[in-house]
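Here are my notes for a colleague opening this model for the first time. Please read them with the structure on screen.

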Amino acid sequence: MKLKTIVIGCAVGFGLAGIVSQIIPMNKNNGSSTSNVKDMILLDKSIPEGSWIDGKWATERGADYKPRADILKGRLANGMRYVILKHQNPKGSVSAWLDVQAGSLVERPNERGLMHLLEHMAFNGTKNFPAGSLIGFFQENGMTFGGDSNAFTSRTTTAYQLKLKSDKIDKGLDILSDFSGRALLSQKEIDSERQVVLHEKTLRDTPMFRLIQAYTNHIYGGTKYTEMPIGSKDVVLHATKKTLTDLYHAWYRPKNEIILVVGDIDPQAVKKQIEEKFSDLKAVGKPRTLPYWGDLKTKGLHTLYYKDKTTAPRLIVSTLRSRRFLNDTYNNKKDTILNSVAGYIYQMRIQQQIEEKKSPYLNLNYDVTPQFTPTTELVATVNTTANWKDILAYTHKNLEQALEYGFTQAEFDSAKKAFTLQVNDAVQKEKTTSNEMLISQFLTSLNTNLVPKDPQQIKDIFVKVFKESTLDDLNKTFKKAWNTNNRYVVYTGNINVQGGNKAISDEWTKLQKVKVEKPLVEQTDNKFPYLETPKAVEIKSTVDKTGFNEKYNYKDVTFNNGTVAHFKATQNKKDQIIVALKIGKGLSQYKGADYYKAQIATHVYNSSGIGKFSPTKINQNFSGNEFSISSSIENNGLNIVMVTRKKDLKLAFQMLYTKIKDPKLMESVFDKYQTSLKQDLPLMDTRLDSSQAYKSFKFVNGPDIPKPLTYNESKNIKFAGLEQLMKNTIKGSTSITVVGDFEQKEISDLLAQYVVSIPEINKNPQDKFKTSYPKYVLTKGKTLNISSQDPSNKANVTVYIPIPGQENNNLRTDSSYSERDKQMAFATYFSSILNDRLRAEIRERLQLSYSPYALTHASYNQPNYGYIALVISTRIAEVNNVKKALLSILDDIKKNGVTEKEVALFKHPIQVSHSLIYQNNMYWLAVLQSIDYRKFNALYSAEKVHNTVMNATADDMNKLAKSLLVKKNISFVVTKGKGVKKK
């Protein structure tokens, strides 16, 4: 089920970041209905299923477009295709993927789950890479098994993903070449891996997965689409070398495979390497013809009541069309764009009603899937206090109003501005798009019959569609999307519907006879700014600040009132500018009920828009502008982060000024938040992870730390008074940080006028160092057993290993580098070694879990608090075996230590990771902000920590292990589900 929204929301409006790529070319949601034979290949009983697996490019099937000019693509004599692009983000890195255009839909009944098992088996031995040899290569080249060296199986695709240093592309292609046709598939390795896959199946038994399965069974019942790629337990348990080999040879054939390479490489050299490494691959055996996948229910009303106490209540209304496989033509693009624009407008209408407390929804997603199994659907999270019939009537009324009366020109114009903003932004920021994002776009394009396009090509399509499309075109497209002979109406979650399916069917049938009135669409207020322009504070000085090395250099701008702003110029994302404020003393100034009030007030403040403009009105009035302002609260201050671009700088600063000076809170946001908390509270104990997180909170953090905010802590809090509390929170000294692609004088002048000029947030700058923190204390040497009402057979076993600290909270006041820094750097390194031991022992040798892992948590503000956690998800019956294995691993390390080889193995991944953080603006933001709160030069410390790790030895790790692995200090948290799966 597609429960994502077509609009990616931001804190002050509805940002459209990513929406263009959801339309073309990287999402499956491409194309729409058309009568042009060139535009569509109908999939019916007269055409074999899987007809797209023909080894052709989209251009060979009738596409209107040429591929982007900078890619090098071709086809080997054996039919294998390749796509290569030189792109340098990050420099010195390359992504190489193998796309096998066959997924779980190709499986026969006795093979369910075996395409996914084949994906696993590729890593367990090939002609040139014996079992176990790949992991070392991945680690030596900065990858982690199951992370960067990833793979996935969908219904239509199996993909293998490698991220390498550019000078290792030769070896990476060797690996993909073996994956594509030289897997050994030994029975021993099959027997070993099948339990890992079954543990993955257990891990996926979540409330959302169960909901998706129930919904899929309803929509696609009687067809092969109901079969999830994870497959059948019985089939996986009895898989043999012969069944896997037959399936492998049937679909891992050169004609069905594409090599994709994007990165800092020479395309012609890579092309030559591909020709050398893949040309000798041959198809083995005869290709298969697929059976018919089953008829879709495309006529009539279909209702489903799926009661599930583990999920929030949702209403889904959708329509389904006959299967089809669309060509990449302008007609299809036009329909897709207009349909998405219409859905965007519809969602904005509903959102405004939610904000005005005229809707029983908590939120709404509008989703369009035109390809393969074309679906248009509304997914609403609803308020359980509302009557289900009223919710149904509200849904029917709004949908029918839009269908009968259409949208307005003002709505269309506003939406066009929002979409145009995104396509322009994509063109401008193309060079800073990551290798991974580009190769992902290519993969999705190639698997949905699309031509890989560059941002300018996409922009040209949008410009043409918007230029020639009228409001009438928009409304006709919206009607066409819903003008089918069917409706699917589904209620899911913890909501009571007396009479179930029949009651829903009867009620919807009754509503079909109700005539709807024309909707009232309010005009928006465009007056902005409405506050008096403040007088700027003069700039006193600008000082170059030196970090540990040149990378860490930055500038400090000091204003006449004593406020200091830290500036770090980067080119990580072209035209992105981030301005972050940390104001006042945050949660540390509140106790008891006020502690929770401040959290709620900040959440409502964050989601209430800006001043008199609600989020929807911001979207309507400023749809052609790009900015976002988000807020959160921590112990040491209120965080306000503004992200914008050069063109919108002044407007963004005016918005930021208004956000601070006129902090309006919307009661509808408060009500929605309270309702969500109330509805989520009963669900917490029905979900394994949330049960553990909430019930182990005091165990992990100590008795003096307030519990996480839930409805129990918020139910007596009223809306009245929250706005005044928020005004009190937006007071005190302010830390200012600016990161990104900017002109310093321009930003300094805007800060002087719209931020530093605000007296409430620029008092006594030295006070920002006087924040107090609650004392965290980790329980030692005990076991906490938690019983969850989760209806699955899952259990979580978590081991907490305390990191001994120092009680003195004032260790540093300068740029010195403390022993605590060194200890935490080594602890983080040690957790990487533990992580690998878990993989080798728990996952691979004992097959007790699918994805065990280790992590380190510590606080610079709490030098006496920190831990390493080992986290294992398993079956309930395996809990004791897991605990025994974990203690055995720890005992072995304490007794025999780790080796220099183990220590050396992780230095390169750490080096690669460290080199990439420089290219992340949010890293620089966090480091510069910490300067004002850690009482030491964080820039110096960050680089020093890295150097310490890179010089670590096995002796360092073994000394640390002896101090950490003290049995009496190690604690367990074990959380178990009910052990009975819901049918």
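1. Start with strand S7, where both faces are covered. Glu257, Ile259, Val261 and Gly263 lie on one side, Ile258, Leu260 and Val262 on the other, and all are buried. Buried means under 20% relative accessible area, exposed over 50%, and partly exposed in between (1.4 Å probe, protein chains only). Strands (E, at least two residues) and helices (H or I, at least four) are DSSP runs, numbered from the N terminus. In a regular strand the side chains alternate between the two faces of the sheet.

2. A word on the source. This is a predicted model, in which local features need pLDDT of at least 70 and side-chain atom pairs count only at pLDDT 80 or more, while totals for chains, interfaces and linings use all residues. Residues are numbered from 1 along each chain as its sequence is written, and side-chain values use heavy atoms, with hydrogens and water left out.

3. Which strands pair with S7? Strand S4 (residues 93–100) pairs with S7 in the antiparallel sense, over 7 bridges. Alanine 96 has valine 261 of S7 as its bridge partner. Two strands count as paired if DSSP finds at least two bridges between them.

4. Next, an open sheet of 5 strands. The order is S8-S13-S9-S12-S11, and the pairing is mixed. Strand S8 (300–307) and strand S11 (361–369) stand at the edges, each with a single partner strand, so one side of each has no neighbour in the sheet. From one strand to the next, the twist averages 10°. Axes are lines fitted to C-alpha atoms, for helices over the stretch in contact, and angles run from 0 to 180 degrees between N-to-C directions.

5. S8 pairs with strand S13 (residues 486–493) in the parallel sense, over 8 bridges. Tyrosine 305 stands opposite tyrosine 491 in S13. Helix H16 (residues 500–511) packs on the sheet and touches S8, strand S9 (314–320) and S13. The direction of H16 makes about 135° with that of S8.

6. Now the charged pairs. A search of the whole structure finds 48 salt bridges. Each is a side-chain nitrogen of Lys or Arg within 4 Å of a carboxyl oxygen of Asp or Glu. One of them joins lysine 277 and aspartate 170, with the closest N and O atoms 2.9 Å apart. Lysine 277 is in helix H9 (residues 267–278) and aspartate 170 in helix H4 (residues 169–181), so the pair ties together parts 107 residues apart in sequence. Lysine 277 counts as buried, at 13% relative accessibility. Aspartate 170 counts as partly exposed, at 33%.

7. Arginine 837 and aspartate 892 also meet in a salt bridge (3.2 Å, N to O). This pair links distant parts of the chain: arginine 837 is in helix H26 (residues 819–845) and aspartate 892 in helix H27 (residues 879–896), 55 residues apart. Arginine 837 is buried, with a relative accessible area of 18%. Aspartate 892 is partly exposed, at 31% relative accessibility.

8. Overall figures. The protein has 32 helices and 25 strands. Of its 983 residues, 59% count as buried. Among contacts (heavy atoms within 4.5 Å) with a separation of 6 or more, 83% are between residues 24 or more positions apart.

9. Finally, confidence. pLDDT is the predictor's confidence in each residue, from 0 to 100. The mean for the protein is 87, and 90% of residues reach 70 or more. Over residues 1–19, pLDDT stays under 50, and the model has 71 contacts beyond four places in sequence for them. Residues 807–816 also stay under 50, with 21 such contacts. Where pLDDT is low, the predicted coordinates should not be read in detail.
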